[in-house]
Amino acid sequence: MNYQHWFGLTDGRFGYGSMVNSFLDNVPRGVTLNPQASTAIHMGVPFACKGFLEGQWKVNFTMWETDELHHRFIAWIPQYDQIIVPCEHNVETFSRYHNNVSYVPLGVDGNVWKPVPQPANQRFRIHGGGSLWKRKGLDILVEACRLLRFDHELHIKLAPHARDNPPLETMPQVVFHREWMSMDEQVAFFNQADLWVAPARGEGFGLIPLQAIACAKPTIITATSGQAQFAHLATHTISHKPAPSGGPGRWDESDPQELAEAITDCYNNYSRWQADAAKKREAAVIEFSWKKASEKLAAAVPAGELLKDGKFVPLEVSVAFRVNRTTEASINGQSKRFMPGVDYRDTEGMFEVLWHAGHIAKDLS
């Protein structure tokens with residue numbers, strides 16, 4: 001018997017939650033989930049895990065969207081025995097900081113994400129969306145639609161908790177959907193589109209456009225990072241070039257004019273691209289089924305046994321750094337004094353206090 005423990009955020013409204021639930025719903029035959037298993041996989045950002053049982057093989061299934069990891073990822077992933085990521089782009093990025101990185105793609109449920117008849121649209125209807133305006137390239141989509149020379153309407157689904165959106169009232173030509181949707185409402189929303197567009201600058205994987213492809217919708221994507229894994233299933237891909245992300249590393253920028261031309265081609269030759277999307281739908285739900293993804297996940301980690309007396313061991317991380325000025329900082333009632341030009345190693349909590357105060361000169365970890 002292969003005992004494993006798969007755990008993480010299970011709120012399906014959020015990306016990791018949807019991922020965790022999909023893996024938990026598709027545990028392969030021969031694998032039994034048990035918190036006492038000697039192989040444990042935490043699905044989520046590495047610093048969200050409280051710890052593991054003593055003797056467990058510690059795995060983090062995570063992802064990142066640029067070509068350089070955030071300093072918290074760099075500090076935390078060495079605490080794990082193995083890192084699993086959902087795209088080849090992430091394998092390259094994470095392997096600079098960990099010597100055991102495996103690739104396991106995510107999936108799409110073809111029984112849920114499927115063509116559902118909807119009333120015909122009076123105008124050509126373009127859909128896009130996501131939780132982060134800039135990273136999802138929603139500004140590129142808006143600009144591309146401003147360049148179109150045919151009658152259309154643009155609908156964008158935004159997560160209610162998203163905070164990086166520009167003032168939406170400045171875009172009265174766009175229909176925004178900010179409410180949480182049930183699964184049936186989400187599937188209906190995907191099927192109401194004539195075309196789905198995902199010009200993301202960076203993705204750990206990119207479930208949204210894959211779900212659109214599974215609904216047999218003509219889909220245009222930037223074949224960047226995670227979305228490159230299923231670019232062959234999109235009806236159109238647009239080119240991209242590296243650009244600063246505004247944080248660690250670079251992501252990919254695409255051209256609104258090129259995107260507008262791809263959208264126009266889809267509009268002018270819609271019957272052709274509808275037929276193409278229908279064919280690729282069948283390939284997508286086979287190649288990227290959650291069943292296959294779960295089997296790959298189970299095979300990527302050591303087969304586990306049950307631990308008899310596992311003692312809980314919290315993950316503890318320290319960070320090496322220098323400060324840019326003499327400063328005193330307090331955490332948990334303890335105050336410390338830091339001097340410039342000196343190498344320090346302290347808890348990540350202390351590092352975060354200094355980081356947010358602008359006192360970090362260099363992250364040495």
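Student: Does F52 count as buried or exposed, and at what relative accessibility?
Tutor: The model is a predicted one. A residue is called buried when its relative accessible area is under 20%. F52 falls under that cut-off, so F52 counts as buried, at 2% relative accessibility.

Student: Which residue does F52 form an aromatic pair with, and what kind of pair is it?
Tutor: A pair of aromatic rings is described by the distance of the centres and the angle of the planes. For F52 and Y80 the centres are 5.8 Å apart and the planes stand at 90 degrees. Planes over 60 degrees apart count as edge-to-face. The partner is therefore Y80, and the pair is edge-to-face.

Student: Where do F52 and Y80 lie, and how many residues apart in sequence are the parts that the pair ties together?
Tutor: F52 belongs to strand 4, residues 51-53. Y80 is in the loop between helix 2 (71-76) and strand 6 (82-85), and at 3% relative accessibility Y80 counts as buried. The pair thus ties together parts whose separation in sequence is 28 residues.

Student: How many aromatic pairs does the structure hold?
Tutor: The pair of F52 and Y80 is edge-to-face. Ring pairs also link F321, F338, Y344, F351 and W355 into a cluster. For the structure, the number of aromatic pairs is 25.

Student: Which residue has its charged end over the ring of W180?
Tutor: W180 counts as partly exposed, at 34% relative accessibility. A charged end sits over its ring, 4.9 Å from the centre. That charged end belongs to R13.

Student: What is the orientation of helix 6 and helix 8 to each other?
Tutor: Two packed helices are described by the angle between their axes and the distance between the axes. Helix 6 (residues 207-214) and helix 8 (residues 270-287) pack at about 125 degrees, and their axes are 8 Å apart. Angles from 65 to 115 degrees count as roughly perpendicular and those over 145 as roughly antiparallel. Helix 6 and helix 8 are therefore oblique.

Student: How many of the eight residues of helix 6 are buried?
Tutor: The buried residues of helix 6 include L207, P209 and Q211. What covers the buried residues includes helix 5, strand 11 (195-198), strand 12 (219-222), helix 8 and helix 9 (290-300). Helix 6 is mostly covered, and the number of buried residues is seven.

Student: Where does L106 lie, and does L106 count as buried or exposed?
Tutor: L106 is found in the loop between strand 7 (101-103) and strand 8 (124-130). Among the residues that L106 touches are M19, F61, L207 and W290. At 3% relative accessibility, L106 counts as buried.

How values were computed
Residues are numbered from 1 along each chain as its sequence is written. This is a predicted model: local features need pLDDT of at least 70, side-chain atom pairs count only at pLDDT 80 or more; totals for chains, interfaces and linings use all residues. Side-chain values use heavy atoms; hydrogens and water are left out. Rings of Phe, Tyr and Trp (its six-membered ring) pair if their centres lie within 6.5 Å; planes under 30 degrees apart count as stacked, over 60 as edge-to-face and the rest as tilted. Buried means under 20% relative accessible area, exposed over 50%, partly exposed in between (1.4 Å probe, protein chains only). Helices (H or I, at least four residues) and strands (E, at least two) are DSSP runs, numbered from the N terminus. A charge sits over a ring if NZ of Lys or CZ of Arg is within 6 Å of the ring centre and within 35 degrees of the ring normal. Axes are lines fitted to C-alpha atoms, for helices over the stretch in contact, and angles run from 0 to 180 degrees between N-to-C directions. Angles under 35 degrees count as roughly parallel, over 145 as roughly antiparallel, 65 to 115 as roughly perpendicular and the rest as oblique. Contact means heavy atoms within 4.5 Å. Lists of a residue's contacts leave out its neighbours within four places in sequence.
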